[in-house]
Amino acid sequence: MNAGDRVRVTRADVTNEGVLMPSSTEDHLVVKLGGGYNVGIAREGADVDVLETDVYDIEDAQSEGDGTSEIEFDDDLPTVSLISTGGTIASTVDYRTGAVTAQFDAEDVLRAVPDLAGRANYRGRVVANILSENMTTDVWVDLAEAIAEEIEAGADGVVVMHGTDTMQFSASAMSFMLDTPVPIVFTGSQRSADRPSSDNVMNAVCAVEAAKADAAEVMVCMHASESDDVCALHEGTRVRKSHTSRRDAFETVGAKPLGEVDYEAEEVTFRRDYAPRGEADLALHADLEADVELVKFTPGMDPAALDYLDGKAGVVIEGTGLGHVHTDLIPRFEELVDDGTVVAMTSQCLEGRVCDRVYDTGRDLLDAGVVEAGDTLPGTAKVKLLWALANVADPTGAMGRNLEGELTQRSVPWE
């Protein structure tokens, strides 16, 4: 029997029938069932009958070469660079553990999503092959450099395939690290490709359509609802993942999404102003100061929990309400400021902005040298500070003004 054969496997009085798939271990058989799900079966004690040979064309999913691939070129189509960092959109299931594991490169995604064919010329590039919880500032530098190289090589748009858990942080980082003349679109999937409810096809297709459109912005493209109809385009510095598993897990905080992609009509529309394609000159600002921490204040916090902040280049506080912490902690933050640490205040609230001029606690924080970060999201504020410390002469002042859409001038109801 070979991968691609239709088989019937019986083990321990349980029978499964489907297509034999490649396995990540010699100890297990992998069978794709008729409903689309895959099942791993221990070889020991299994009785296998081959029902039909070569019913499914199994291609070798192992990447070779230098991590860069190029698909057939058509002069009439735009060129979109697909950059893979790993994550569920470029993942499979390890049948030894049953866990989803990132292991496909960008070219494998093209094989897995045939709907991408004919929409653009594609260049595939692997920057990292990690689950997004393992993202680091070093990978952000590699990613920013790779994006810049792809744009310099003539890419009309860039799609970054990324795990959803930390996608908002990486999108923020690219927003600060790159001035771009073309769209840079992050996308991923909440559910792996071997699940019937996977969102990988629609998200990938809509991301490519956004990468061909006119908005030269860093955006996140994910399902706008649970249905397979529209993907939302979220501004890279205003987006957050708000649900652990829903397909429409992402939202733009403080505004409606920048735009949307109609999956069936293949139409991209924008709701708000954006930087048009070709307006900016490509520029890379890749230096980062990684020694920055994000601290969440909670009632009853032990002041000793802040001891590890000594010597940090920057600290972002996620305070309560308008930007508050326990009064007893204020001297600790003042010590950090006096020692040269930039300390910025954000809010745990999802809407609204920090204003430390209303209550005594806030005024004391301002007197201690803590800077207000307005309505910047806490995660975005951390990314902004580690970038500002390495690229801006006055990082403290930069945290209080808008650089890349992360801080609105005033909080108002959005239509």
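**Note on the predicted model**

1. The UniProt annotation "active site", from an unreviewed entry, covers Thr-88, Thr-164, Asp-165 and Lys-241. UniProt positions are given in the numbering used here, feature names are shortened, and annotations may be inferred rather than shown by experiment. This is a predicted model, in which local features need pLDDT of at least 70 and side-chain atom pairs count only at pLDDT 80 or more, while totals for chains, interfaces and linings use all residues. Residues are numbered from 1 along each chain as its sequence is written, and side-chain values use heavy atoms, with hydrogens and water left out.

2. The protein chain has eight helices and 24 strands; helices (H or I, at least four residues) and strands (E, at least two) are DSSP runs, numbered from the N terminus. Of its 415 residues, 49% count as buried. Buried means under 20% relative accessible area, exposed over 50%, and partly exposed in between (1.4 Å probe, protein chains only). The accessible surface of the protein chain comes to about 18600 Å², and carbon and sulfur atoms hold 43% of that area. Accessible areas come from the Shrake-Rupley method with a 1.4 Å probe; for residues, only the protein chains shown count as cover. Among the contacts in the protein chain with a separation of 6 or more, 68% link residues 24 or more positions apart; contact means heavy atoms within 4.5 Å.

3. Two of the annotated residues deserve a paired description. Lys-241 lies in strand β16 (residues 239-241), and Lys-241 counts as buried because its relative accessible area is 13%. Asp-165 is placed in the loop between β11 (157-161) and α3 (167-177); its relative accessibility is 47%, so Asp-165 counts as partly exposed.

4. Which residues does Lys-241 contact, leaving aside its neighbours within four places in sequence? They are Thr-164, Asp-165, Gln-168, Gln-190, Ala-249 and Phe-250. The side chains of Lys-241 and Thr-164 also make a polar contact of 2.9 Å. A polar contact is a pair of N or O atoms within 3.5 Å; within protein, one must be able to donate a hydrogen and the other to accept it, and residues adjacent in sequence count only if both atoms are side-chain atoms. Asp-165, with residues up to four places away in sequence not counted, touches Ser-132, Glu-133 and Lys-241.

5. Strand β15 (residues 230-235) is mostly covered, with six of its six residues buried. Val-230, Ala-232 and His-234 point one way from β15, whereas Cys-231, Leu-233 and Glu-235 point the other way, and all are buried.

6. Strand β14 (residues 218-223) runs antiparallel to β15 and is joined to it by five bridges; two strands pair if DSSP finds at least two bridges between them. A hairpin through six residues connects β14 to β15, and Cys-221 has Leu-233 as its bridge partner in β15. Strands β15 and β18 are also antiparallel, with four bridges joining them; the bridge partner of Ala-232 in β18 is Glu-260.

7. Glu-266 occupies the loop between β18 (259-262) and β19 (267-270). Its relative accessible area is 41%, and Glu-266 is therefore partly exposed. Not counting residues up to four places away in sequence, Glu-266 touches Arg-119 and Glu-209, and a polar contact of 3.3 Å joins the side chains of Glu-266 and Arg-119. Glu-266 and Cys-206 are 60 residues apart in sequence, yet their C-alpha atoms are 7.6 Å apart in space.

8. Phi of Glu-266 is near 60°, a positive value in a residue other than glycine. Asp-13, likewise not a glycine, has a positive phi of about 65°. Asp-13 sits in the loop between β1 (6-11) and β2 (14-21) and counts as exposed because its relative accessibility is 79%.

9. How many disulfides does the model contain? The count comes to zero, where a disulfide is a pair of cysteine sulfur atoms within 2.5 Å. The closest cysteine sulfur to that of Cys-231 is in Cys-206, at 3.6 Å, so the two are too far apart for a bond. Cys-231 is buried, with a relative accessible area of 0%, whereas Cys-355, at 26% relative accessibility, counts as partly exposed.
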